[in-house]
Amino acid sequence: SGTGLTQQPTGRSWHGPRRRTSGGDSMGMHGKTEAVVEWLRTYPELDGYLKLNATELTAGERTVNTVYNDAKVREFIDGTVERQFTFALVMVCDWSSGFDTVNAEAEAWGELWLDWCDAQFKAGNVPDFGDKCTIRAIESLQNIPSLAATYQEEHLARYMFQARITYWEKE
């Protein structure tokens, strides 16, 4: 169908060496959110289509929702602060109440994204949070997509996949 929903998921791995972001000065949460949106658009199955905090009830709709950001985890003696940026990728797709493969295909698409997300840190593909930040980890927060809602009359479902970026910020 050209949607990438029938591909098989791959193995999960997110641990790896430290990755320093490349680029500008320290940025606020708005800049970090923009960086995450741009980074997520590099996922090939999105074809560059990704909204921010806006979802229409249309099959193929995809958005990134900010969940809980800039959470301070701990502070080091040199003033560096470990923070977390948590987000969710939301996808609206076809849904079926029958015994066909429609729902399984949507779940497989979500699993592919979770696998991609987990592999990015090790591959060195991280969002650019500026010179004062060092990305320490990128991890999905679940091992399968969450079915957030079904819309039976429209034959649509909304899936949500959460992930977190842990980073050190020099203050």
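**Exercise 1. Find how the aromatic rings of this model are arranged around F85.**

Start with the count: the structure holds 11 aromatic pairs, where rings of Phe, Tyr and Trp (its six-membered ring) pair if their centres lie within 6.5 Å, with planes under 30 degrees apart counted as stacked, over 60 as edge-to-face and the rest as tilted. Next, take F85 and F87: the ring centres are 6.2 Å apart and the planes stand at 50°, so this pair is tilted. Then move to F85 and F129, whose centres are 6.0 Å apart with planes at 55°, so this pair is tilted. F85 belongs to strand 4 and F129 to the loop between helix 2 (102-123) and strand 5 (133-140), 44 residues apart.

A word on the setting: this is a predicted model, in which local features need pLDDT of at least 70 and side-chain atom pairs count only at pLDDT 80 or more, while totals for chains, interfaces and linings use all residues. Residues are numbered from 1 along each chain as its sequence is written, and side-chain values use heavy atoms, leaving out hydrogens and water.

**Exercise 2. Decide whether F85, F87 and F129 are buried or exposed.**

Buried means under 20% relative accessible area, exposed over 50%, and partly exposed in between (1.4 Å probe, protein chains only). F85 has 1%, so F85 is buried. F87 has 0% and is buried; F129, at 0%, is buried.

Note on methods. Helices (H or I, at least four residues) and strands (E, at least two) are DSSP runs, numbered from the N terminus.
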